[in-house]
Amino acid sequence: RHCSSASVNVIVALQHHCSSAPVNITVALRRFLYVVNLETPSEAPRKIGRPSKWDVGTVQWNPHRAESHVFAASSNQRVDLYTWRDGCGEVHASLQGHTRPDLSGYYLVTSSVDTYISGASQVKWNKRNQYLLASSHDGDVRIWDKRKPNTAVEYVAAHLSKIHGLDWHPDNEYILATSSQDNSVRFWDYRQPRKYLNILSCQVPVWKARYTPFSNGLVTVMVPQLRRENSLLLWSALDLNSPVHAFVGHDDVVLEFQWRPQKEASKEYQMVTLSRDQTLRIWRLDPQLQKLCANDLVEDPIEGISLTTESEKSLPSQDPEPTIHSCGLPAENLQDQAGALTSGGRHDSSALPQTLQQEFSLVNLQIRNVNVEMDAVNRSCVVSAVFGTNQVHLVVKFPSHYPNNAAPSFQFISPTTIPTAMRTKIQKILTDTSLQKVKRNQNCLEPCVRQLVSCLESYMTQEDGSAANPYVLSNPVTPALPAFPRVTNTYGSYQDANIPFPRTSGARFCGTGCLVYFTRPITMHRSVPPTEPTPRSLSALSAYHSGVLTPMKMRSESQSSLRLYSGSPTHTDKDHVSISSFYYKERKSRRFKTKREGADYGNRPVKLAGKIIIQEISCLLPVHKALGETYILNVNDIQDTCQKNAAAALVVGRRDVVWALASAATSLELSPDSDPDADAPWARHPFGRHLLETLLDHYSLMSDVQTLAMLCSVFRTQGCSQDYFSLYGHYTSSSVSSGSCYSTSDSTTTTTWSIGRDPEHVPPLGESSPDDYRYANQMYTDPREREREQHDMNKRLLDPANTMQFDDFKKCYGEILHRWGLKDKRAEVLKFTSCPPEPHKGIEFGVYCCHCRSQVRGTQCAVCKRFTFQCAICHVAVRGSSNFCLSCGHGGHTSHMMEWFRTQDECPTGCGCHCLLQSTF
Amino acid sequence: MVSVINTVDTSHEDMIHDAQMDYYGTRLATCSSDRSVKIFDVKNGGQILVADLRGHEGPVWQVAWAHPMYGNILASCSYDRKVIIWKEENGTWDKMYEYTGHDSSVNSVCWGPYDFGLILACGSSDGAISLVTCSGDQQWDIKKISNAHTIGCNAVSWAPSVVPGSLIDQPSGQKPNFIKRFVSGGCDNLVKLWKEEDGQWKEDQKLEAHSDWVRDVGWAPSIGLPTSTIASCSQDGRVFIWTCDDLSGNTWTAKLLHKFNDVVWHVSWSVTGNILAVSGGDNKVTLWKESADGQWACISDVNKGQGAVSSIADGATNEQ
């Protein structure tokens, strides 16, 4: 750990190749430069103070061997040259010449051209051509030649968003990679600035994309400001569908990375990465990993040089020695060769073998149902195509001069199933196609395969059309292969970077009074210390996949013991990486610890699933199941209800006197006078509605929906006429009976009647629901009625304006009662809601107009404008409340029907229907 | 007194990712990295394995019980990009429907309030949220909000159907027209509110306060009060309580409940909406309650609640 400074601007520069001398790395922070010797990373880094108040823009070691002890640091408009000798550094020169501060660049040389390229965010020297320089300006790249510095050689409109990183190909002087905010890395041949050679689409903005010094690799790191992903990805430039490897281990975002120059006689490359948490890591890229970057089958002609042994055999002209180089150091001896291998380069005879190789690697054969096996060594390939029942297998042999006016040969092999005539035809077409191409010295494999496919397709359709038996289904076509086969997703791999790290413990409230929680078993421990947060993404598990390297963690506090992070995969089953791997690790180390302490936990089998604990937490809730069971709602005797509920509350230990207050407020002495001219009703008294509102507010704060709903239910009945309830001896509010089959027709309350037990009163005799009030407001124009109406409102203790909210209390409490399994209690409470709890959906009553027989949904016929329905008793049109028999359909005014059926049980029309029996549900 | 009423040994072969009891609190469903979902009958402190549901091809992240009025129905979502809806018929559990419309891991499932019918919201790492509705007779209707959260959606939670104030102007007698709403949290560090308008899902509000992935969101159950409350927790260790006094006004105020030292994975509301259980990467559970003056306080240390948390805390101290 270098410094506790909060500076974000951190630059890393690696001292360039010195074969024997220790390699140093410089880390620049605002006030100090740090030099770390990578040979002895555990030593405390050397510190060089800086007098400047400006951040360091860039740091660069001199790439030339003789001067390799010199490094330059730029800040603002100045470049300081430092000499590094014997573990201490000093400024030995300062250069000033820039007129504007540059952000990045190789200052020692760019000073001569900075007038033209200032404003560039990235400047990189070509690694092959010492004159060439690329700079990025937002989304554009400009290529400069230092011999003609007044104008750019080429402009490349590379990206639509800002370019964060720029890197030249190590071996090909024309090719560069740009990484951008637009979530992509693009590869360019600057001679063809209009079209990128290839694109690597990432999900996230790419901060840096740099070529590996070996074969065809590329390392990307995402924009650190996003703070999403702490790992670096290694790609093979030959297959951009999926990364080859993820370097997982940093606990914070990676700001910068550099390749460490290769040591002599070492096959290994090392990468130094710096994370925002001020840790440096050194990653080793062993030959196995390097091999992953070089494609097994063919090599990319663009990249030119391969390290794989197979291709060395097949390509004798190629330099078998891997290119050893370090960034920015021109290796002129290799330059010619690289030039010779570039696509579109020379086509002399010596380059011909590569041309077939090139063609094989470049050819786009993502064609349905077609598979091409290419063998560059034997200069042949096998094209297999499956179309329905037919198979075609074709060997294509390429002569040594191909494509120099030498066409390949085509030969069908078994088990080709198409008829001979067709074979001859196809063979001719293919030969023609290939001849046309090779005449112009062009490749012909892809055009030939496409020709083959179109021939076969047309043949297939012919065959289908002339199928002898239309009833026989043709064999199902083989399922089409996905156009771009994706690598199967391995659990916890880099591809899971956007999948959240799974929960391994948690708690949930369930039912009404339970807390269910699951935790990790006590034997499972996090592999990271508790001070470090749990990873964000499932891709953190990729460290547990096989083939993981050993990242080192450098910490100044614990330098004596470098902690190895993940030596080998924890699971022997490589395919099965589980989330438990993340926790399992520490258990191991703990086992060591406990062994040391004398306890033996080691032999216990590992249990990965913890127990689930269900806890009763209802005491923390404001609602009580016991109260739900014992609370009663008897509207016949509110006083009694209140007293009993008060006793029940006392039993469970509730000491609030709410029920005593309720009892007092609902006492009969205070019951409102029906005459509006009498005294102001009790509701207007401070202990009336106001008291109740205060109580409701209080219990709302407590979230005590139980008390709220009970109070609302009790006081809901209070305003109603006591006579009404006592008269029928049945506690129900009128709204329930009317709600049971509510007609949607306006102003008609259509109800079925059932044996006089639950008769409907005619509004506005007793208050039923707020609906009635609304209608009342609309209907009554008589001032006396209005006054009465007003009085009805006033005498209620519950403010009718809030009826909806009171209903919500009851519904919510009803839901809790339901969870408790107290369905009867629930029904009792829900009766007091002003709206029907379940909107009526089933049968809807309508009438046919008694005059014109058209269907009517109101009291007045839309067609003949007459009243639709006649009372069977008085033969007057019914406009108000009515009842009918569901069986015979006869009926009339509710009051008349009630009167009739008190003594009779047959229909008053004389139709013979026993209405009372028939329409009883 | 808070007391442990049951301890269930699930015999899962790998780590458990969710455990949830049904509406009545009589059955427990668990899911695990071993790709299975298990259902236990936990009535009266017992534990009887009712079903071991196999069907997922990857770790199962979350389960959700539907309202019992639709039968015994359980939804589960997995890394294998599938959502499976299981149903008990004549005592045996079987697949009722399998939804495969996501391109990446499905991280969260949540059934809507029963008034809306059988409707399931699914949040996936492909950034989309799917709304799977049963339209009867095994017909399932899918609506997908693509790119609901860039990078991925981590959690979904429905608003209660009793949204106060929404009924005031309803003409009487008609079915109250509830607006379907839910909240989601994702890798874009945002909490988003969605509502259905004319059959289309629209983003209603975007709540910004977290500085890292939002891991869970929970819309508090309503008891009929005018205030709507949402809790959100994040990788950044913070838990926010969002409140809105008037949903039509749609102005939400955030209040930081607490900043934890590790990622917070889950928030859960008690049935009355006044206690919040918070759990996270540190293997601990804390309970939070709002006092009468609107302040949130940790009640885990309160005597009453000690049992609830101490046993978990024990495990945590052992760990260190």
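Leaving aside neighbours within four places in sequence, A:L711 is in contact with A:V658, A:W659, A:A662, A:L695, A:L696 and A:Y699. In this predicted model, A:L711 also belongs to the largest nonpolar core, a set of 55 residues in which A:L515, A:Y631, A:W659, A:L711, A:F715, A:Y813 and B:L287 have the most contacts. Helix α14 of chain A, spanning residues 705-718, supplies the largest share of this core, with 8 residues. Another core, of 33 residues, lies apart from the largest one and includes A:L356, A:I426, A:L445 and A:Y459.

A further element examined was helix α21 of chain A (residues 894-903), in which A:T894, A:M897 and A:F901 are buried. Viewed down the axis of α21(A), the buried residues fall within an arc of 60°, and they therefore line one face of the helix. These buried residues pack against β36 (882-884), β37 (891-893) and α22 (915-918) of chain A, whereas the face of α21(A) turned away from the buried side carries the exposed residues A:E899, A:R902 and A:T903.

Charged pairs were then considered across the whole structure, where a search finds 22 salt bridges over all chains. Side chains of opposite charge can pair when their charged atoms come close. In chain A, one of these salt bridges is formed by A:R191 and A:D189, whose closest N and O atoms are 2.6 Å apart. A:R191 counts as partly exposed, at 37% relative accessibility, while A:D189 is buried, with a relative accessible area of 3%.

In chain B, a salt bridge joins the side chains of B:E98 and B:K82, at 3.5 Å from N to O. This pair links distant parts of the chain, given that B:E98 is in strand β9 (residues 92-99) of chain B and B:K82 is in the loop between β7 (73-78) and β8 (83-89), 16 residues apart. B:E98 has a relative accessibility of 29% and counts as partly exposed, whereas B:K82, with a relative accessible area of 8%, is buried.

A salt bridge is likewise formed between B:R238 and B:D236, for which the closest N and O atoms are 3.4 Å apart. Here B:R238 counts as partly exposed at 22% relative accessibility, and B:D236 counts as buried at 11%, the limit for burial being under 20%. Elsewhere, salt bridges that share partners join B:R181, B:K195, B:E197, B:K202 and B:D204 into one network.

Terms used. Residues are numbered from 1 along each chain as its sequence is written. Chains are lettered from A and ligands numbered from 1 in the order in which they are written. This is a predicted model: local features need pLDDT of at least 70, side-chain atom pairs count only at pLDDT 80 or more; totals for chains, interfaces and linings use all residues. Side-chain values use heavy atoms; hydrogens and water are left out. A nonpolar core is a set of buried Ala, Val, Leu, Ile, Met, Phe, Trp, Tyr and Cys residues joined through side-chain atoms within 4.5 Å. Buried means under 20% relative accessible area, exposed over 50%, partly exposed in between (1.4 Å probe, protein chains only). Helices (H or I, at least four residues) and strands (E, at least two) are DSSP runs, numbered from the N terminus. Contact means heavy atoms within 4.5 Å. The arc is that of the directions from the helix axis to the C-beta atoms. A salt bridge is a side-chain nitrogen of Lys or Arg within 4 Å of a carboxyl oxygen of Asp or Glu.
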